[in-house]
Amino acid sequence: MAVAAHSKTSWLAKLWPKQLTFGFGVAVCTAVLITEIIFLIPAGYFWYKSNESKAVEEVRLAWYHASDPAAFLTPEHKTRLGERMIRDGLLLGGVVYDSAGAPLSVFGERPVLDLNIARLSGMSVQESPNSPAIDVHLSPEETGLSHHMVVRLPTGPVEAETFMQLRNFGLSVLFIAGLTAVLFIFASMLLVIRPLRAINAALRRAVDNPDKADAYQLNMLRRDEIGQISASLNMLLTSVSVVFQDELSSLKKANEDFGFGILQYDYDDRLIAANSMAIELFKQDDFDGLRRMNRNCAQALGSRGQRPQPIVDLLGETREPMLLTLHTDTGFFTAMAFCALVKRPDQSVHHRFVAIMPMDDILEKSRLAMSGAQKAKEAQRAATIEAKEMRRLLESCLCLLEPPTQGDDAFEYSFLPDRILNDWYQEAARDELVEGDLEHGFLPPLSGDRSAIRRVLRQAMLLAYSQTKAEKPVLKVDATVKSEGRIRFSIADVSAERQDTGAAVREKSVDPTLPRAALQSALKQAGGAFDAMEITDGSVRVAFTLAAAKPMGMTEVDFKMARSA
């Protein structure tokens, strides 16, 4: 059942447009067309009746003006007048009656309406049941003649006139609908779509380059909700940039304090930084001179006849030290070099650090060099850990921006939460944020909006992690079935029970305010409730409640009715 609901949701997701601009235009055009259809159905009926009345009145006036009040027209004269009107297209036929209701003459098609029926029912106009025509009773008072007449009118001109009116009105409405849709799309693009795209692009660029997050701030002067989101995003990007700039400053200071040369390359193997020791080793006055120097300056020690090549090409991605002969503008020197890589989340190379230790004083400075390398590694690791934590904070920000889902399409009647929790914990374990596997027993199935519940569980794990003290905490999840189909989840830090007493301690850079707000927002969308967050003796426990899956024996209709009640 859950699989069927998921497949239905995926099918609707494929049909839904990928851009809100197209969706807005379709919605406006559809609304206008539905309104037009609703209006045209009764309007077509009224226009038809109006044109029918005009046609009847035209025939009455034709008979009236065709008669001479000073002359007495016999039925034969009236028959000839009727035949002439048939040739002119006004009539299909008719019958001339005397005052007693007996027919005197017939011309053309004979109407179904009889004079006696017209007198008894009071009906002067009747649609023909066997042909597209209208039968009309013309009294002497209306025509100025001495006899009653029942004539048959064709409905073709009436229908043609009605069709022309409907077509002209429909084309006018379509033009107005198209113009309205274009204006609405243009307005929504300027006021809604473009700002949302700018916010999304800024968040994605900040995730890829958190060290330059403040460069992606948005200068929106709006005072509505989008402007408030932009202001909050600017504060977040500034905080992320400040954290990374502090770490980069610490890293640069550590590089300067090293007892050997450090060269830093970007992802295109361009030299972007070097410490003073590296500049001194290559006999240059400043960093600009080092950048202008020939890049083909390295040879593997003992390789005769090999042409010099760039250091990064010779070292490659290996972390093993190599003995190299490095050429300068005035000579050469022998050194040990190794390369360290800084990778992005997609495992592509972001920076390369090349350490160069001259052999002349490597024994003397080896201890200091290894100490400095350890500091750089710790600083790099700390920056990497904080970057991974900041990315999870950005996920909390995206969770706050997530609009609530509408309708029953996103509702699933039963699914297990352990996969969502294990996925988050395994991601954190790969990023070296937590230790071991997530501890949990049997977790009862849940029901509700799966995407909203996924955000609830992930933000609850992040909130519990942000309050832990251990460097790599161990988390445990317990679930208790409460009355009225509710499940109480409890996420606790059990590091003190699972790790040694002397385990490393590290303060987390995750501010609990943002994941807590994201958790409460997701709980509101998922129909849950935040119970408590307790911190005792350095251990944290986060508790919240969600809806359980439907009880056994109930049908989907029963469960849906119980849920709506």
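**Helix 3**

I started with the buried residues of helix 3, where buried means under 20% relative accessible area, exposed over 50% and partly exposed in between, with a 1.4 Å probe and protein chains only. I found Pro75, Lys78, Thr79, Leu81, Gly82 and Met85 on that list. They cover an arc of only 160° around the axis, so they sit on the same side of helix 3; the arc is that of the directions from the helix axis to the C-beta atoms. I noted the general rule that an α-helix has 3.6 residues a turn, so residues three or four places apart point the same way.

I checked the length of helix 3 next: its 13 residues, 75–87, reach 18 Å from the first C-alpha to the last, close to the 18 Å expected at 1.5 Å a residue. The expected span is 1.5 Å times one less than the number of residues. Gly89 follows helix 3 and has a positive phi, near 85°.

**Ground rules**

I am reading a predicted model, in which local features need pLDDT of at least 70 and side-chain atom pairs count only at pLDDT 80 or more, while totals for chains, interfaces and linings use all residues. Residues are numbered from 1 along each chain as its sequence is written, and side-chain values use heavy atoms, with hydrogens and water left out.

**Whole chain**

I counted 16 helices and 18 strands in the chain; these are DSSP runs numbered from the N terminus, helices being H or I of at least four residues and strands E of at least two. Of the 565 residues, 41% count as buried. I took contact to mean heavy atoms within 4.5 Å. Among contacts between residues at least 6 apart in sequence, 61% join residues at least 24 apart.

**Cores and helix 13**

Of its 59 residues, Met461, Phe544 and Leu546 touch the most other members. Helix 13 gives the largest share of this core, ten residues. A second, separate core has 27 residues, including Tyr265, Leu271, Met277 and Val312.

Leaving out residues up to four places away in sequence, I found Phe544 touching several others, among them Val456, Leu457, Ala460, Ile487 and Phe530.

How far apart are the end C-alpha atoms of helix 13? They are 24 Å apart, which agrees with the 24 Å that its 17 residues, 450–466, should span at 1.5 Å a residue. I saw that 14 of the 17 residues are buried, so helix 13 is largely enclosed by the rest of the structure.

**Cysteines**

I searched the whole structure for disulfides, pairs of cysteine sulfur atoms within 2.5 Å, and found zero. The sulfur of Cys399 is 9.7 Å from the closest cysteine sulfur, in Cys397, too far for a bond. Cys399 is buried, at a relative accessible area of 4%, and Cys297 is buried at 6%.

**Single residues**

I located Ser230 in helix 7, residues 225–257. Ser230 is buried, with a relative accessible area of 1%, and beyond its neighbours within four places in sequence it is in contact with Leu218 and Met220.

Most residues other than glycine have a negative phi. I noted Lys283, with a positive phi of about 60°, in the loop between helix 8 (276–281) and helix 9 (287–292). Lys283 counts as exposed, at 56% relative accessibility. Glu432 has a positive phi of about 65° and lies in the loop between helix 12 (418–430) and strand 13 (439–440). Glu432 is partly exposed, at 38%.

Note on methods. Core = buried A, V, L, I, M, F, W, Y, C linked by side-chain atoms within 4.5 Å.
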